[in-house]
Amino acid sequence: MEYAFFLIFAAVALIAAAMVILSRNPVRAVLFLILCFFATAATWLMLNAEFLAITLVLVYVGAVMVLFLFVVMMLDIDFAILRAKLTRWSPIGLALAIAVFALIAEIIEKDQIAFGQHGDELSKIAETGNAAKLGEIVFTNYLLQFELAGILLLVAIIAAIVLIYRGPRSRKLQSIPKQIAADPKTRVHLVSGD
Amino acid sequence: MYDIKPLAIIIIISPLLGAIMTGLFGKALGKRNSHLIACGLMTISFAASCYLLYGFLQGKYQPWNRYLYTWANSGGINIGVGFLLDNLSVLMVAVVNFVSLMVHVYSIGYMHDDPGYQRFFCYISLFTFAMLTLVMANNFMQLFFGWEGVGVLSYLLIGFWFDRPSATFANLKAFLVNRVGDVGFIVAIAAVLNYTGSLDYTSVFAQASNIAANSNAINLICIGLFIGAAAKSAQIPLHVWLPDSMEGPTPISALIHAATMVTAGVFMIARMSPLFEYSEMALTIILIIGALTTFMMGLVAIVQTDIKRIIAYSTLSQLGYMVVALGASAYAAGILHLVTHAFFKSILFLAAGSVIIALHHEQDIMQMGNLRRYMPITFAAMLIGILSMIGLPGMAGFYSKDLIIETVAMSKVPGATFAYYIVLFSVFITAIYSFRLLFLVFYTDARMSQDIQQHLHESPKVITIPLLLLSIPAIISGGILISQVVHGFFGSAIFVLPQHDVISEFAVHDFSGALNMFLHSFTSLPVYFALAGGVAAWLCYIKLPDMPNRIIKFNSRLYLLLIDKFGFDKFNAVVIVPIVNSIANICSNFGDKTCIDGVVVNGSARVVVKTSGLLRRLQSGYLYNYTFMMIAGLFVILLWFFVLRKFG
Amino acid sequence: MLQYLIFSAILFAIGLSGLFINRKNIIVLLMSIEIILLAANTNLVIFAKYWGDITGQAFVFFVMTVAAAEAAIGLALVVLVFRDKQTINIQDLDQLKG
Amino acid sequence: MNYSLPLLSIIIWLPVFSGGMIILATKLQGLSIALRYLAIIVELLTLMILSYVVWQFHGDMWQMQFAEHYKWLPNLGIEYALGVDGFSLPLAFLTAFMTLLVLIIAPTQVAPKDINPFYAIFLIMQGLMTGVFFATDAILFYVFFEAMMIPMFILIGLWGGENRVYATFKFILYTFIGSLFLLVALLYLHFVAINAGYTGVQTFAIDTLQHLTLSTTEQKYLFWAMLFAFAVKVPMWPVHTWLPDAHTEAPTGGSVILAAITLKIGGYGMLRFLLPMVPEACAAFATTIIVLSLIAIVYIGLVAIVQNDMKKLIAYSSIAHMGFVTLGIFAIFQIHSATNTAGMGIDGAMIQMISHGFISGGLFLCVGVLYSRLHTRKISDYGGVANTMPVFAAFFMLFALANVGLPGTSGFVGEFLIILTSFKASAWYTFFAAILFVLGVAYTLLMYKRVMYGAVTKNSIATLTDLGSAEKLAFVLLTIAILILGIWPNPLLQLMRGTSDHLVLQVLGSN
Amino acid sequence: MGKANLILMLPEIFLACMALLVLMVGVFWEHKLRYITYRLSIFTVFVTGIFAIGTYSESMQAVINNSYLMDNFSAILKFILCILMLCIFLYSKVYIDIRKFLHAEFFALSLFSLLGMMVLTSAADFLTMFLGLELFVLPLYATIVMVKHQGRYAEAAIKYFIIGSLGAGLLLYGISLVYGATGSFDFSAVSGVQDLQHILQLGMILILLGIALEFGAVPFHMWLPDVYEGSATAVTMLIGTLPKIAIFAIAYRVLSLAFGDVALYWQQVILILGLLSVIIGNIAAIAQYNIKRMLAYSTIGHVGFILLGIAVAPQQGYLAPLFYTIIYAFMALAAFALIMRLTAQGFEAENIEDFRGLNRHAPWLAFLMLLTMFALAGVPPLVGFYAKFLILQNMVANGLSWAAILALIFAVIGTFYYLRVVKVMYFEEPSAHPHAVAVANMSFVGRSIVFINALALLALGVIPGLIVDICLKAFR
């Protein structure tokens with residue numbers, strides 16, 4: 001049962017992911033990505049990562065993806081130009097992607113890895129709520145890293161501001177001398193009738 | 001027992017000093033002082049050498065062999081600079097100094113108006129120094145030093161008038177040909193060192209019989225040495241430089257290209273007799289080459305029209321005689337001919353020089369004629385020279401040449417019989433070209449322009465006196481020296497194996513004093529050959545002047561061959577030079593420029609640049625290309641790591 | 001468990017291929033990177049379960065922070081590029097090459 | 001022997017620092033003349049110290065004398081170690097001597113405003129090249145070996161001919177490619193030394209590296225690696241093509257130093273590294289090297305004949321003459337009988353190097369004299385110069401004759417000794433080597449003929465002025481050197497007697 | 001996390017606080033006191049450096065929660081990072097001033113980036129490493145864009161960003177796999193792994209490649225030239241120097257602490273990457289006309305050498321690559337600083353042609369550039385030689401003479417393009433438009449330090465023992 005769910009969600013996630021890179025419309029791509037995240041979050045739930053799954057949905061889908069969507073829409077993009085067509089090189093790219101995957105899968109498969117080889121601690125933790133446990137670790141063992149992550153976010157904020165901010169826009173104040181000095185000849189353009 | 005070291009040093013240093021003074025300070029000294037210094041120092045040297053020769057003739061001095069200083073000590077071998085004075089070298093020294101002195105004096109007159117006056121004296125003094133070093137050397141290094149020294153001075157003197165293209169062509173040719181010979185020479189010297197472990201004459205000669213055990217070694221050494229000698233003494237086929245060398249001033253032709261340098265080869269072989277004796281092969285080659293040179297060059301001399309070239313070819317022919325004598329192991333005879341030839345050939349050249357000056361540098365005998373009326377002394381000297389050369393009984397040349405012919409006849413070296421007939425016949429040829437020269441220059445009608453004819457007069461005293469002084473030994477030296485020579489004057493200096501010793505054989509069987517030899521000559525063939533030659537020349541050039549042309553018409557092919565000098569020059573010019581040139585061009589253009597530089601050096605640079613351009617194009621600027629390549633790289637590395645490495 | 005790993009590997013491969021198969025839109029590149037990070041995160045979650053070790057999940061937590069930061073900067077850059085060139089076509093980003 | 005002063009260091013660094021100072025002070029216009037004299041004084045001082053070293057030197061010893069050891073990079077086993085022996089001393093002296101000549105003649109060659117930097121570069125270069133000869137630590141050697149390329153590069157580039165850029169790059173890349181193999185070889189030897197139990201600063205000492213036991217395979221690889229470095233410098237056929245270009249494009253002084261000194265570093269390197277370190281491989285490949293040398297002699301001799309640029313011709317002639325050096329060095333491996341006479345080959349090679357320094361230096365100076373007057377190197381632009389420049393003609397002739405190996409000049413001594421040695425290996429070697437006697441005459445004197453002889457047909461030549469006093473001084477000094485070495489080479493031979501004998505013993509063993 | 005440990009972290013803490021302070025000061029006082037943030041930043045870096053070297057001690061090695069390692073290595077590297085940062089600030093003050101981005105944001109971002117790099121030098125687990133890496137690259141993306149440089153900055157930044165993120169992705173995926181094999185993020189945990197070798201090694205390779213990507217090694221090098229060219233010189237200087245040290249540091253940590261036991265597996269990979277980098281970097285540089293682009297390719301070549309050093313480091317020690325990295329950073333610093341010296345307002349000395357005939361106008365500048373170029377080329381007696389020397393020595397000692405020769409051949413080919421710069425400066429006539437040398441494009445202090453920087457390449461060449469000793473101390 002769980003396996004079937006996994007298969008369904010995995011399939012959805014993968015198809016969505018594929019559509020992200022294949023879709024011709026960026027808005028759709030973002031939406032597919034959101035779908036992909038949702039589906040993946042579902043699989044995470046099956047892996048006893050409830051808190052993370054929720055976070056993924058909340059933070060990613062709720063914030064990051066919306067940001068994406070926002071940017072896509074805000075930028076006045078001529079989608080016609082961006083309509084990606086599969087070029088003649090695409091098969092090679094596809095082959096490469098498949099090859100990379102096959103290789104990774106082949107390597108991983110050799111190790112005969114399976115759940116349960118080291119017990120199932122997480123299920124037990126999940127019963128008490130893994131958010132608490134996670135918080136415990138993050139604020140003790142990984143305090144330093146937590147601080148760093150904080151700085152990282154600060155940096156991201158600064159960076160984003162620095163990148164987008166175009167300096168103080170001059171306020172539109174009335175300039176009396178300018179108005180007085182204005183010459184009608186420069187202001188009025190006579191357009192010939194024909 | 002007197003120490004003769006000071007004498008030796010005086011002899012050798014004087015010319016060097018003269019050269020240095022005239023060379024470095026010539027401009028400051030002025031012409032007059034320069035020639036006074038040069039001639040004065042030569043006189044000192046000559047006097048010392050006469051004293052020395054006298055001492056040796058008297059038996060007052062013994063052969064003297066001493067090192068002055070160590071030139072190089074390397075690899076356990078000591079190479080020194082020193083002198084070997086024995087009868088052979090002392091005689092040579094005297095001859096060289098005498099001729100050199102005469103030429104010095106003669107040059108005062110001959111070179112009088114030349115802008116390079118001091119330079120000339122510097123050169124000839126330096127030449128004398130080099131020649132003396134060669135002669136007095138007691139080891140191979142020094143021999144080579146002198147050998148090259150005379151070669152270089154010859155080069156410089158042939159090219160003395162360096163603004164003449166022909167002169168600079170000739171001197172380079174001379175040096176080149178000599179260098180070809182030096183290849184053989186230096187290989188031989190190296191072989192000597194290799195087989196004997198020494199370069200010192202005494203110790204090398206002491207081991208000669210040991211080397212002889214290895215016939216390859218002795219043959220290599222002797223043939224190598226002979227190649228050197230052949231170049232210096234202008235034997236076929238390395239003779240081509242000598243006729244051209246006549247581009248130099250005439251005194252030079254007399255000194256270098258008649259009396260001294262060209263005979264260095266002969267001297268050297270005589271000096272090396274202890275080695276040559278053991279190499280029958282080398283002796284045969286020497287014999288044959290010498291005989292061919294005698295004959296062929298004599299023939300060429302007949303058709304030449306340039307007065308100096310005729311004499312030059314005659315020199316070649318006479319050198320051939322000497323070489324033949326060496327080949328027959330009659331080293332003493334060769335040396336004797338060398339001495340007498342030095343005198344009479346100097347006369348011929350100097351007299352020719354006198355004629356040339358008188359005719360304002362006209363050298364074509366077809367533009368001369370009847371000069372005996374205007375230049376009696378020159379004529380007399382020339383006549384003496386020619387008579388001596390053709391071997392008129394009693395003259396110096398007679399004794400030496402007759403001795404050669406006799407000894408060759410006795411020799412049992414393979415090829416001796418062939419050589420004998422050739423040298424015998426060459427007597428005839430000698431007479432023809434000699435008399436042709438004499439007749440065309442001094443007899444017949446004057447063919448020079450009126451202008452010149454009116455100003456014809458005998459040359460000044462500085463020119464005629466040396467001529468006359470040289471005439472004396474040209475007449476008497478043979479008669480004086482013959483019995484000494486035949487009776488082992490050279491003593492230990494020349495070594496002959498008993499089975500080769502034709503001179504002793506001659507001394508025992510046929511020789512009973514110079515006078516008897518003179519008398520006896522009228523019963524032998526050579527004199528009649530010479531006479532026949534004289535008559536033939538008389539017929540052709542005085543009695544029947546159109547005879548030569550008829551002969552030419554009759555056998556024009558031979559004539560052309562002779563005009564072509566048997567084609568040696570043509571061969572060099574048409575075959576050797578172009579081949580060398582084209583090989584050089586191939587090496588330069590194909591080898592260096594195309595292959596090494598073009599393909600390897602610049603080629604690799606081009607490959608790098610091409611690759612660089614390719615990489616530039618790969619760096620297309622498109623992000624997806626970058627990522628594609630990165631991921632492809634990632635894939636390849638993973639593939640290699642996990643699959644191809646057969647890991648796991 | 002292998003299927004989970006393969007799932008994330010496929011995600012990873014899709015993410016990678018998104019970087020070069022797409023030739024037009026920079027935003028898709030950003031999304032591809034998100035997919036790659038997602039694959040990594042999924043891996044971490046899988047292995048956290050395998051080891052029964054919560055630190056794996058903690059790592060994911062941090063990665064998500066980083067990813068958000070990256071996304072912010074990335075989008076800012078996209079905006080910038082658009083302002084600069086009036087396009088976000090990858091093929092127009094070819095001034096720097098060679 | 002207790003030397004209080006580090007004489008060798010002074011000899012190296014005095015010129016380098018003076019050169020640096022001169023460069024620094026170049027801007028000060030008022031000092032221009034003073035700096036020029038400073039350079040000459042420094043040069044003379046260096047020569048005096050060197051003469052003192054020569055005077056105090058024991059020629060019969062093979063050990064390094066005047067040795068200096070200072071800590072430099074103890075962690076890496078590298079030491080600042082200097083010393084002289086019979087090989088390095090004459091070459092160091094040659095370096096200083098030739099630099100002096102270049103300094104003397106420089107004012108006639110470069111523009112007055114350039115003279116101080118020109119001097120400075122030569123002083124620096126001299127110091128570095130002397131360092132190459134004095135270094136007894138392999139890495140120190142290598143550092144000097146490479147470092148001297150920098151001033152040379154700038155020198156040719158700044159004052160060279162039209163094609164100088166190509167020439168400098170070719171030159172420097174060729175040399176770098178060569179020397180990288182040397183570096184790797186030295187590192188390998190160092191590695192072997194460490195494994196053999198050497199520690200500390202010994203691990204890069206040349207002396208240590210000479211005493212390692214190496215397998216035959218190792219020797220072979222090391223041989224080729226080191227050979228390549230030195231073969232480029234020498235240069236041997238077929239890695240010689242940098243030389244004609246570099247020589248041709250370099251300013252006169254540069255050509256002089258290139259020909260006189262840098263080529264010698266190759267030969268010196270062979271004597272110092274190749275032979276003692278990998279004797280077995282040297283013996284194994286001797287035939288190859290000898291054949292290459294003979295090709296250099298004959299092939300390059302031929303190539304030289306058809307050159308129409310004087311400097312190129314002399315450059316090719318240098319290659320051919322350096323062929324004798326390699327021939328002499330490697331012929332000793334094939335002497336079957338009486339190996340104790342092998343020293344002659346080494347001696348010959350050394351003398352040939354010294355002598356070639358003088359002669360090629362002289363010839364390049366000659367071309368420089370002509371170039372400074374007519375600004376062309378093409379042979380066909382000349383003709384009949386002897387008419388207008390008789391004194392110059394005399395010197396030129398002397399150098400030309402020395403170049404063809406005339407006995408009595410230094411050119412003969414080395415070639416003679418090498419030829420004598422080569423016969424002990426094979427008569428054929430001697431024969432082919434002796435061919436240079438003919439080819440040498442052909443190219444040298446043919447050039448002389450075309451440049452100097454003949455009638456004056458061009459206006460430019462009719463107005464030539466003969467040598468100035470500076471040029472005369474330089475030529476006289478060179479002439480004296482050439483003649484003394486030619487007439488009495490024995491003192492020089494005795495100077496390196498001990499070193500040469502020791503090398504033979506080291507390489508061939510006691511027979 | 002005890003008190004003592006926190007003191008050891010003083011440099012980082014101080015730096016982080018000061019960076020924030022700079023930001024605040026910038027907001028409130030910058031418009032009044034123009035250079036206050038600049039001065040504050042200088043002060044910060046200076047003091048941080050002192051604190052960093054203060055953490056050096058002969059015997060101490062402190063670990064914070066298995067994830068942060070304070071030892072001599074980190075102390076010395078942090079100190080060097082601070083020196084480099086200080087130099088960059090000093091060099092580029094005027095440059096950024098006339099380009100109007102001398103603002104708190106620039107300094108704050110630079111300081112945060114420095115913080116990230118300092119974290120990297122001390123990181124002892126994968127999480128810290130990952131965060132450090134991100135912390136140091138993210139500000140760099142932003143700084144590229146801050147300086148509106150010839151309209152290509154955005155392209156450069158986005159390329160850097162995408163590829164940097166790809167690198168982070170690879171790294172992260174690799175980390176996840178290693179975590180899968182070990183169950184821990186500590187570097188030290190890796191050594192105990194018995195089973196799951198494949199996963200471990202796949203993870204290891206991916207981590208290595210991620211690091212290689214940040215390094216700019218072939219085949220992950222393609223971002224480097226574009227970023228170098230597209231950034232303003234001050235930023236290129238930043239990108240071209242410090243990160244190399246930080247990335248070397250993390251490579252050292254990961255390879256020695258985590259993968260030290262399985263060195264045999266990764267050595268070959270690194271060797272191949274190194275060789276490829278040396279080959280392709282040097283060859284590609286030849287065809288360049290833009291000097292920054294050329295230096296980028298040359299960087300690839302140098303990175304190749306560092307990787308070669310790393311490849312043999314398990315046997316021979318990390319001294320050689322560390323030495324190389326430090327020396328390289330200083331050489332690159334000098335090179336970019338000298339390029340900066342030729343700039344003027346509205347003019348960037350970008351093309352090699354701009355150096356034409358420099359010797360005529362500014363002999364000193366030309367001479368310093370010459371020293372730098374020869375140093376980069378690795379010609380003795382300049383210090384670049386010893387860097388190569390050490391690497392080669394290690395390679396030969398490891399039996400890789402063939403690779404040493406191969407690398408050297410391409411290094412020699414690389415000499416060509418360095419010499420071409422010298423050629424242009426010395427052997428060619430000045431071009432039509434004058435050099436900007438006369439313009440005050442660097443403060444006096446900056447100029448003096450550039451002078452010292454370039455001459456040090458020569459001086460250290462004469463006494464290279466100094467830096468070698470420092471590097472040796474790092475591993476004590």
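Reader: What makes the piece between β1(B) and β2(B) a hairpin of paired strands, and what does B:G75 do there?
Author: Strands pair if DSSP finds at least two bridges between them. β1 (residues 64-74) and β2 (residues 77-85) of chain B have nine bridges, in the antiparallel sense, so they count as paired under that rule. Two residues sit between the strands, and B:G75 takes a positive phi near 55° in this hairpin. Further along, B:Y67 stands opposite B:G82 of β2(B). By the way, helices (H or I, at least four residues) and strands (E, at least two) are DSSP runs, numbered from the N terminus.

Reader: Before we go on, what sort of model is this, and how are things numbered?
Author: It's a predicted model, where local features need pLDDT of at least 70 and side-chain atom pairs count only at pLDDT 80 or more, while totals for chains, interfaces and linings use all residues. Residues are numbered from 1 along each chain as its sequence is written, and chains are lettered from A and ligands numbered from 1 in the order in which they are written.

Reader: Why is D:V367 called buried?
Author: A residue is buried if 20 or more other C-beta atoms lie within 10 Å of its own, exposed if 12 or fewer, and partly exposed in between, with C-beta atoms placed from the backbone. D:V367 has 24 within 10 Å, so it is buried. This valine is found in α14 (residues 343-374) of chain D.

Reader: And which residues is D:V367 in contact with, leaving aside its neighbours within four places in sequence?
Author: D:M310, D:K311, D:I314 and D:R377. Contact here means that the C-beta atoms, placed from the backbone, lie within 7 Å.

Reader: How do you know that the length of α2(D) agrees with what a helix should span?
Author: The expected span is 1.5 Å times one less than the number of residues. For the 25 residues of α2(D), residues 32-56, that comes to 36 Å, and the end C-alpha atoms are 36 Å apart, so the two agree. Among the residues of α2(D), D:L35, D:A39, D:V42, D:E43, D:T46 and D:L50 are buried. Their cover includes α1 (7-25), α3 (88-105) and α4 (115-134) of chain D.

Reader: What makes you say that α8(E) is largely enclosed?
Author: 18 of its 19 residues are buried, so the rest of the structure largely encloses α8(E). This helix, residues 197-215 of chain E, reaches 26 Å from its first C-alpha to its last, close to the expected 27 Å. Just after α8(E), E:G216 takes a positive phi of about 95°.

Reader: Which chains share the most contacts?
Author: Chains A and C, of the eight pairs in contact. There, 65 residues of chain A are in contact with 60 of chain C. α5(A) gives the largest share of chain A's side, ten residues. That side divides into 49 nonpolar, twelve polar and four charged residues. Nonpolar means Ala, Val, Leu, Ile, Met, Phe, Trp, Tyr, Cys and Pro; charged means Asp, Glu, Lys and Arg; the others, Gly among them, are polar.

Reader: How do you know whether chain A and chain D are joined or apart?
Author: No contact joins them, and their closest C-alpha atoms lie 38 Å apart. Chain C and chain D have no contact either, with closest C-alpha atoms 24 Å apart. Chain E, though, has 24 residues in contact with 28 residues of chain D. α18(E) gives the most to that side of chain E, with twelve residues.

Technical notes. Contact = placed C-beta atoms within 7 Å.
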